[in-house]
Amino acid sequence: MPAMDMGQNAARPRYAVGLMSGTSVDGIDAAVVAMGSSPDGRPLAELVSFRNMPYPSVIRDEIFALFDPRYATVDRVGRMNVLLGELYAEAALTVIAEAGLAAADIAVIGSHGQTIWHAPEPEPAAGYDIAFTVQIGEGAVIAARTGIPCVSDFRAADMAAGGQGAPLVPFTEYVLYGERDRTLLLQNIGGIGNMTVLPAGCGADEVIAFDTGPGNMLIDGLVSKLIPGMTMDKGGALARKGSVNAALLEELKREPYYRQPLPKSTGRERFGAAYVEKVAAYGQDNGLSAEDLIATVTMLTAWSIGDAYRRYVINRYAADALIVGGGGSYNPALLDLLKREMATFGVPVQTQEELGRSSDAKEAVAFALLADYALAGQPNNLPSVTGAKRPAVMGKIAYPCRP
């Protein structure tokens with residue numbers, strides 16, 4: 001994210017740290033952010049320092065194992081909850097030091113945590129309609145190790161208000177990216193893809209956002225399963241070597257999620273290991289190469305974004321641009337396919353970097369801003385996006401004990 005002009009009369013910036021660990025489980029994104037206001041009162045967030053800290057392979061494997069409810073026993077989840085708190089605290093202290101600051105300079109840490117299960121659709125239980133979500137990475141540990149208040153477990157408050165607890169980042173996109181004269185689509189391509197629609201000059205209740213479907217999840221899953229020693233299609237090289245299989249692509253397009261009405265969100269529960277196994281089995285049964293399968297699911301991700309725009313957006317708002325962020329924005333094969341999909345609607349595609357911003361840091365910056373709102377007791381969800389019945393102050397605050 002580029003340096004932002006805080007304005008000569010703007011309030012002195014305060015510093016926050018944002019921590020993000022996404023569904024791809026690549027590592028911990030940590031950002032130091034200067035929070036301030038423009039002369040007209042608009043919130044501003046300036047990226048000061050950023051670092052991605054990859055997980056040790058043994059910890060990454062253990063996190064992936066917890067996505068399987070058969071393995072995710074209480075003792076294993078509890079142990080990893082505290083261990084991730086320790087790792088997140090180290091990441092926060094590292095990025096603070098790299099910014100040339102001390103822990104005492106930081107007002108708050110916002111930690112998304114690691115989602116291991118997300119079940120936003122209510123199901124009846126003992127006379128109640130129950131929806132739930134599980135993010136681990138203990139905020140109390142982060143606060144204790146850093147000496148800084150930590151806001152974590154953001155989704156629960158929105159779900160308690162009847163929402164899906166996702167997506168969360170659109171609130172910050174509305175605050176930081178909205179324009180008076182252009183309608184923008186902000187597409188994140190992490191493990192899951194999610195789209196935010198910011199109509200020109202819109203109010204908070206006019207923002208649309210939802211998960212479009214798999215982002216890198218199927219691509220990474222197939223690479224990990226089929227290509228020894230690899231976990232991702234770096235530079236889209238494997239997809240470029242393969243050919244899209246039309247029959248498989250049509251089969252994958254029939255996934256009911258793509259037609260589900262808004263609001264909606266999804267995750268590894270739907271597009272995780274079991275889904276990867278099905279795609280791999282199809283390839284084996286039909287003589288497809290690993291490269292063909294990877295090319296096909298790469299095309300599926302691009303198609304799902306274009307389909308989402310056609311299905312949910314274009315009849316209400318014609319977009320002026322689609323801005324892509326997340327790890328998928330570094331995959332040229334995926335970007336080329338996405339540009340072709342969106343060209344049919346006359347919508348140009350740009351990356352965060354082309355705007356002078358950072359795809360890597362965007363979500364970590366978002367959680368710094370969400371935590372800043374939570375610490376101030378201000379609502380930080382978008383009911384129009386999540387389906388919540390009312391605004392909510394998302395995030396549980398852990399305070400350090402000071403000597």
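1. A residue is called buried when its relative accessible area is under 20%, exposed when that area is over 50%, and partly exposed in between, with a 1.4 Å probe and protein chains only. By this definition, 56% of the 403 residues in the protein are buried.

2. The structure is a predicted model, in which local features need pLDDT of at least 70 and side-chain atom pairs count only at pLDDT 80 or more, while totals for chains, interfaces and linings use all residues. Residues are numbered from 1 along each chain as its sequence is written, and side-chain values use heavy atoms, with hydrogens and water left out.

3. The protein has 14 helices and 13 strands; these are DSSP runs numbered from the N terminus, with helices (H or I) of at least four residues and strands (E) of at least two. The radius of gyration is 20 Å, close to the 22 Å that the globule rule gives for 403 residues, so the protein is as compact as a globular protein of that length. This radius is taken over C-alpha atoms, and the globule rule is 2.2 Å times the number of residues to the power 0.38. The C-alpha trace spans about 65 × 50 × 50 Å along its principal axes.

4. A contact means heavy atoms within 4.5 Å. Among contacts between residues at least 6 apart in sequence, 70% join residues at least 24 apart.

5. Helix 8 covers residues 246–253, and Leu 248, Leu 249 and Leu 252 in this helix are buried. They lie on the same side of helix 8, because they cover an arc of only 100° around the axis; the arc is that of the directions from the helix axis to the C-beta atoms. An α-helix has 3.6 residues a turn, so residues three or four places apart point the same way. The buried residues of helix 8 pack against helix 10 (273–285) and helix 11 (290–313).

6. Pockets are found on a 1 Å grid over the protein atoms alone: a pocket is an open set of points with protein on both sides within 12 Å along at least five of seven lines, whereas a cavity is a set of points where a 1.4 Å probe fits but cannot get out. Lining residues have an atom within 4 Å of a point. Grid points are joined across faces, edges and corners, and a volume is the space filled by probe spheres set on the points.

7. The largest pocket holds about 1,000 Å³ of space. Its lining has 49 residues, and those closest to its centre are Gly 22, Ser 24, Gly 190, Gly 191 and Glu 363. Strand 5 gives the largest share of this lining, four residues. Other elements that each supply at least two residues include strand 2 (27–37), strand 3 (43–54) and helix 13 (362–375). By class, the lining has 16 nonpolar, 22 polar and eleven charged residues. Here Ala, Val, Leu, Ile, Met, Phe, Trp, Tyr, Cys and Pro count as nonpolar, Asp, Glu, Lys and Arg as charged, and the others, Gly among them, as polar.

8. The volume of the second largest pocket is about 600 Å³. Of the 27 residues in its lining, Phe 64, Arg 268, Gly 272, Ala 273 and Ala 274 lie nearest its centre. Helix 1 (57–66), helix 6, helix 9 and helix 10 give two or more residues each to this lining. The lining comprises ten nonpolar, seven polar and ten charged residues.

9. Most residues other than glycine have a negative phi, and most peptide bonds are trans. The bond from Ala 166 to Pro 167 is cis, with omega near -10°, and Pro 167 lies in the loop between helix 4 (155–160) and helix 5 (170–177). A cis bond also joins Leu 262 and Pro 263, with omega about -5°; Pro 263 is in the loop between helix 8 and helix 9.

10. Two residues with positive phi deserve a check. Ala 126 has phi near 55° and lies in the loop between strand 5 and strand 6 (128–136); Ala 126 is exposed, with a relative accessible area of 79%. Asp 153 has phi near 50° and lies in the loop between strand 7 (150–152) and helix 4, but Asp 153 is buried, at 18% relative accessible area.
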